[in-house]
Amino acid sequence: MKANEIRQRLKPWMLPAAMLSGLLFHSYISYVAFLTPYLIFVMLLITFCKINPREFGVSPVIWRLLAVQVLGGVVAYVVIRPFSVDVAQGLFICVFCPTATAAPVVTGMLGGSVIKLIAYSLVSNVTVAVTAPCLLAWIGSGDIDIMATAASIMQQVAPLILLPLVVALVMRKVTPRLHQAIGSHQSLSFYIWAVSLFVVVGKSVSFILAEPASKIPEIIILAFGAGVVCGLQFYVGRRIGARFGDRISGAQGLGQKNTVLAIWLALTFLNPISSVAPAAYIAWQNTINSLQLYYRQKKELKAKHNCVSNVKLTKHNL
């Protein structure tokens with residue numbers, strides 16, 4: 001078996017393995033937790049280096065997915081807030097956070113349009129960078145100065161998301177060979193994402209274990225609520241994408257979230273317990289992704305087997 005085939009077989013299991021490792025070794029995460037912003041930066045840089053400004057276009061499907069992402073998050077928060085602020089914050093961040101930087105990789109593996117997904121990923125991340133300061137300040141403000149909080153969040157969030165885009169565009173002009181080399185290795189995002197999951201899952205597990213027993217019911221609600229939101233976003237994204245001839249890109253664009261960024265935002269700017277929702281979302285979305293990759297791989301192997309069998313039968317008849 002070739003090395004490439006081995007990697008393809010292992011890929012569906014890498015994300016669950018990363019989550020399990022974070023769970024088992026959560027007590028050591030504090031030593032590497034500082035890496036999270038840098039990992040996010042690198043993942044975004046790799047994704048943005050794939051973009052050719054001449055090919056980039058904002059199609060109608062992007063606006064529909066974006067409306068669900070931003071307005072859907074606000075609606076979820078407003079509806080749930082009267083019952084529980086923490087749950088409302090957790091489910092808001094699960095809807096509002098942008099598309100995962102590794103989503104184009106998974107989309108390509110599933111047979112969807114990578115260029116469409118990259119375009120939506122760019123718009124999605126930039127929108128979050130612009131709107132997150134005000135929305136997070138409003139949702140997690142309490143009695144503090146919303147404008148001051150928004151400015152503080154802008155200083156931390158905007159550079160993290162927008163700077164990789166600026167660097168990628170500069171590299172395209174100044175060092176085109178390096179830009180092309182980075183852009184041609186999109187699969188690196190997948191592996192960096194796996195490392196990021198290990199870190200953020202471990203950090204979230206450590207936080208959850210430190211919570212008192214009285215918080216267990218709320219933690220369970222956050223975890224299952226994240227599952228409902230995850231399933232709905234994959235479903236709605238698939239329906240929107242189907243209208244424009246690409247169900248896979250629509251589903252992955254809306255359903256596969258940058259949970260690393262979501263957990264960091266929740267732990268940094270919201271009630272930390274709300275991070276349980278995006279942490280649980282990791283398990284839900286990667287269960288869906290693993291199943292999709294498994295059945296896709298199974299289908300491809302079956303088609304390959306049938307093709308080989310047909311070739312052998314043709315040679316035999318000749």
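Visitor: Which residues does F96 touch, not counting residues up to four places away in sequence?

Guide: F96 touches Q69, V70, V128, T131, A132 and L135, where contact means heavy atoms within 4.5 Å. This is a predicted model, in which local features need pLDDT of at least 70 and side-chain atom pairs count only at pLDDT 80 or more, while totals for chains, interfaces and linings use all residues. Residues are numbered from 1 along each chain as its sequence is written, and side-chain values use heavy atoms, leaving out hydrogens and water.

Visitor: Why is C94 called buried?

Guide: Buried means under 20% relative accessible area, exposed over 50%, and partly exposed in between (1.4 Å probe, protein chains only). C94 has 1% relative accessibility, so it counts as buried.

Visitor: What makes C134 partly exposed?

Guide: Its relative accessible area is 47%, which lies between the limits of 20% and 50% and therefore counts as partly exposed. L20, in helix α1 (residues 3–24), is also partly exposed, because its relative accessible area is 47%. Helices (H or I, at least four residues) are DSSP runs, numbered from the N terminus.

Visitor: How many disulfides are there by the rule?

Guide: The count comes to 0 disulfides. For C94, the nearest cysteine sulfur is that of C97, 6.5 Å away; a disulfide is a pair of cysteine sulfur atoms within 2.5 Å, so C94 is in none. In general, a disulfide is a covalent bond between the sulfur atoms of two cysteines.

Definitions and conventions: Helix = DSSP H or I, 4+ residues; strand = E, 2+ residues; numbered from the N terminus.
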